Structures are given as structure tokens and as C-alpha cells.
Amino acid sequence: MPQGSVVVLAAGRGTRMRSALPKVVHRACGRTLLGWVLEGARSLNPERVVLVLGSDAEAVQAALEADGELRHFSGALGQGTGPTLEVVIQEPQLGTGHALQIAAPALTGTSGAVTVLYGDMPLLRPESLQALVAGRPAGGASMSVARVADPSGYGRVLRSESGAVQAVVEHRDASPDQLAIDEINVGLYSLPAELVDDHLARLSSDNAPGELYLTDLVGTLVADGVALEAVELEDLGEAQGVNTLAQLSSARAELQERLLLQHMAAGVRIEDPATTYIDHDVEIGADTVVLPCTVLRAGVRIGTGCEVGPFTHLRTGSVLEDGAAVGNFTELKQARLGKGTKAKHLSYLGNVEVGADANIGAGTIVANYDGKHKHATTIADRAFIGSGSILIAPCAVGEGALVGAGAVVKRNSKVPAGEAWVGVPARALVRRADADSDAS
Ligand code: UD1
Ligand code: CA
């Protein structure tokens, strides 16, 4: 049964990114940072997720909607089943503690624990979130900590001589002695819902930037004698938040490695992981081979026994059925290739449905865009498109038809099944009756 609530703090302006785009909608492996964090939030099976956004809330919500992330939530904003999703606006942004103050009214009526996450931590694994929640003592709180080689920028964990956690001090407020501490606050907390209001009311902005720090809650909980468990993060890499574009690129690399390992574990042969870019939400069947320098975007579906690459870009909406092969500077967008179909050299195929066992010759271009609209093209089973052909959409090539090398098939043309068309613009060379006698 769903239990408790999760608050995701994502209102900060993210100035260190030096970007006009809100920080949490920067993407890593085809998904926004916030999308990764919301997946973690859902893995806790909460009743409710409260998302704190700032002045760019509309842009953030639009990005979540465009990615289909809202389908995993219910409630006013959600578009499916799952926990309810509620957005609250923090404007101006006066610190992480202030952000939780803004979220608190949306928590009334929830039972159990409140888990607080930051929206800029895409590397936290569901298992680590679950360990944090499981580690919370009855009636008490838990927080995630880690010992890292370079604690710079993080809040440091202060412990008493007996080793009990006492407080968190932010990097910018820390003394030289405190800066030497290598144990950091990961930025992941779980506490009883009924303690939230009281402890938030006690926050003060008496610190270097004059903000309300969520991390000061650690000190007030301890001062009140609330049991606090510091749960060690097993994989230190997960603690990496994204504050800069350099950190975004290292987070992307880590997420990419995880995705590639998942595909390899499922029977996909990836010849060179270092030059293979596979977004989240890509399905690949077993015994498919992915050759170097290949980019597969979110939403791509690839069957079993296919060959993809080298140097191939499959964009959103591309589907390869079992045994299809694409490679050597070929780009697909909203294109479906049927079983056993091949497009192995220098092609662009956009908004195309290709049947089974067709051959798309080297350098075939489907001109799907007339400057205003995208148009669809169909190429039926066993069609043969000669090298260097241009198919101007919308058009259709029938079953077993042949388009001769270098042909330009004009817009609205239908090459009938079994015919052969050649030339610029393409015209019938072999009419249907001849085609039939050819075949016999
Ligand atoms: C925070 C912690 C620090 C911890 C680190 C882990 C505080 C005060 N510090 O520092 O102890 O080691 O994360 O990565 O919490 N946000 C809001 N409203 C605000 C300010 C921030 O929603 O007014 C959001 C941001 O969008 C971001 C998250 O809170 O997603 C964390 O804020 P950020 O400024 O990145 O905190 P850090 O300096 O990284
Ligand atoms: Ca951060």
C-alpha cells in the first residue's frame, strides 16, 4: 500500500549552470534531471509527491509533460496512475529550508514519513532511497551520509566525540577545521510528518548567504533528542549532485554506463561502450549487435538479431523489427523498418514505414519536409530502392517494386507493386504487365 510522502526540491535557479534553461530540465541520457529523481521518488511507493518549483515552473512542467513523465502520477497534474503529484511554487527562493516550508501545507493529511530529495541528484539509485527510508528508526529520522575524496561544496557532517551526528555545516559557513571533514551530507532525509512544521519554524537565516537551510533541521532534531540514523551511501558516485555543466556531463557518463550494462546483461552485444550513446527508455532485443559510434534516442525500439551501426543515429519514434540492419551514416526519425529490411549506407529516412525484407540502397534520402510540414512515405515488403534515390514525401513504393539508382520519386507518386521506375523525375520503365512476365 502506498505510504508517506516525498518532497522534491527543485526551485533553485541553478545559476552555476550558466544557462537560461532551468537546471532540473537539463537532460542526461534523454531524460531531465528531475525525471531521474522522480523515478527514484516513485520507487518509494508514496501516497503523494510534492514538487517545489520556482519562477520557471511552467517550463519545467512542460518538459515533464513532453517526456511523458506525468503518466506515472495521478492527481491534478498527473496523467495516469501512481502517487498524486502536486506542484508548489517557491518565489523567491530563500533556501532549501524555506522550500520545505512552502511544501509543508501540501503535506497535511499524509501519514508516515516525509522523505526529502533534491531535484539535482539524478544518480541516486532507488535502492539507496529505500535503504534510507528503511533505516529510519521508529519515531525518528534518517539522513544519508558518505565519505568522499573531495568534499568540496558539500555540507559537512559534524559528529560528537562518541560519534553521534550533531549537525551539518554548509561549505560556505565552515571553519578551516570543518572543511577538512570528509564526511558529507548527501542531501536525502526522512522524518516523521508530524515533526516537520515545528522544526521548520525554528530555522534561522543566520548564515553566510542569509538563507534558510534545510540542513539546520539535523541540529534541531538532535537537540530535541529525536533518534537520528546516519545511513551510509554504498556507492559514493551516487552522491554527486549537478550544479554545473561539467557535473552534468559526468552524471550523464555514469547514467550511460548503467544503461549500457543493463542492455548487455539482457543479451545485447555492444562492441564499444565508450562510443555508444543509448538513452533511457530504449528497448533492444537479445542478439542485436550495436556497433561503434551509435546514438539511440529515448523511445527507440529494436527487435532481436538486428545490426545497428557503425555511425548510426536512431531518433525518437524509430522501430527496427527483428533482423533489420542499419548502419554506416544512416539516420532514422519516426521510421519503422520491417523484419529483415536493410538500410546500410548513408541514408536519411524520416516519417517512413518500410515493410519486411526491403532494401534501401546507399544514399537514399526520404525528403519528408517541404519547409512547412512533415509528410509520410510508405515502402512495402521486398521493395528495392536503388542507390542515391530521393523519395519526396508523401509518396509510396509498392510491394516488390524497384526504384532505379539516382531516381527522384515525385511527391504524391505511387510506384505500383512490382513496377520499376527510373529517372528524374522517376517514370515507369517497367509497367505492371511486364513486371509480372519478368517475374515468371
Ligand atoms: C545542498 C545541501 C548540502 C548538501 C548538498 C548535496 C543545503 C543548505 N545544503 O547544497 O548540505 O551537501 O545539497 O548535494 O540544503 N532549492 C530550492 N529552493 C531554494 C534553494 C534550493 O528548491 O531556495 C533546490 C534546488 O533546486 C536544488 C536543491 O534544492 O535542487 C539543492 O539546492 P542547491 O543550491 O543545489 O544546494 P547545494 O549547495 O548543492
Ligand atoms: Ca546541489
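Predicted model: local features only at pLDDT ≥ 70, side-chain atom pairs only at ≥ 80, totals over all residues.
Visitor: By class, how does the lining of the largest pocket divide?
Guide: Residues are numbered from 1 along each chain as its sequence is written, and chains are lettered from A and ligands numbered from 1 in the order of writing. A pocket is an open set of points on a 1 Å grid over the protein atoms alone, where a 1.4 Å probe fits, with protein on both sides within 12 Å along at least five of seven lines, and lining residues have an atom within 4 Å of a point. If Ala, Val, Leu, Ile, Met, Phe, Trp, Tyr, Cys and Pro count as nonpolar, Asp, Glu, Lys and Arg as charged, and the others, Gly among them, as polar, the lining holds 16 nonpolar, 19 polar and 8 charged residues.

Visitor: Which elements give two or more residues to the lining of the largest pocket?
Guide: The largest pocket holds about 1,200 Å³ of space, a volume being the space filled by probe spheres set on grid points that are joined across faces, edges and corners. Its lining has 43 residues, and those closest to the centre are Arg16, Lys23, Thr96, Asp120 and Asn243. With helices (H or I, at least four residues) and strands (E, at least two) taken as DSSP runs numbered from the N terminus, the elements that contribute two or more residues are β1 (5–10), α3 (96–103) and β10 (183–192).

Visitor: What are the protein donors of the calcium ion (ligand 2)?
Guide: Donors are N, O and S atoms within 2.8 Å of the metal, or 3.2 Å for Na, K and Ca, and as water is not among the atoms, sites may look incomplete. For this ion the donors lie 2.3 to 2.5 Å away, and they are Asp120 (OD) and Asn243 (OD1).

Visitor: How many residues apart in the chain are Asp120 and Asn243?
Guide: Both residues are buried, that is, under 20% relative accessible area, where over 50% would be exposed and anything between partly exposed (1.4 Å probe, protein chains only). Asp120 sits in the loop between β6 (113–118) and α4 (126–134), whereas Asn243 sits in the loop between β11 (228–232) and α8 (245–265), so that distant parts of the chain are linked across a separation of 123 residues.

Visitor: Why does Ala246 count as exposed?
Guide: Ala246 belongs to helix α8, and its C-alpha atom lies 32 Å from that of Tyr348, which is 102 residues away along the chain. Ala246 counts as exposed because its relative accessibility is 57%.

Visitor: In β24, what is the bridge partner of Glu331?
Guide: Two strands pair if DSSP finds at least two bridges between them, and β22 (residues 330–337) runs parallel to β19 (residues 312–314) with 3 bridges, Leu314 standing opposite Leu332. Strand β20 (residues 319–320) also runs parallel to β22, with 2 bridges, and there Val319 faces Arg336. Strand β24 (residues 348–354) is joined to β22 in the parallel sense over 6 bridges, and the partner of Glu331 is Tyr348.

Visitor: Is Ser347 buried or exposed?
Guide: Ser347 lies in the loop between β23 (342–343) and β24. Beyond its neighbours within four places in sequence, Ser347 is in contact (heavy atoms within 4.5 Å) with Phe329, Thr330, Glu331, Ile360, Gly361, Gly363 and Thr364. Its relative accessibility is 5%, and therefore Ser347 counts as buried.

Visitor: Which strands stand at the edges of the open sheet of 10 strands?
Guide: The sheet has mixed pairing and the order β12-β15-β18-β21-β23-β25-β28-β31-β34-β35. Each edge strand has a single partner, so one side of it is left without a neighbour in the sheet, and these strands are β12 (269–270) and β35 (427–430).

Definitions and conventions
Heavy atoms only, no water.
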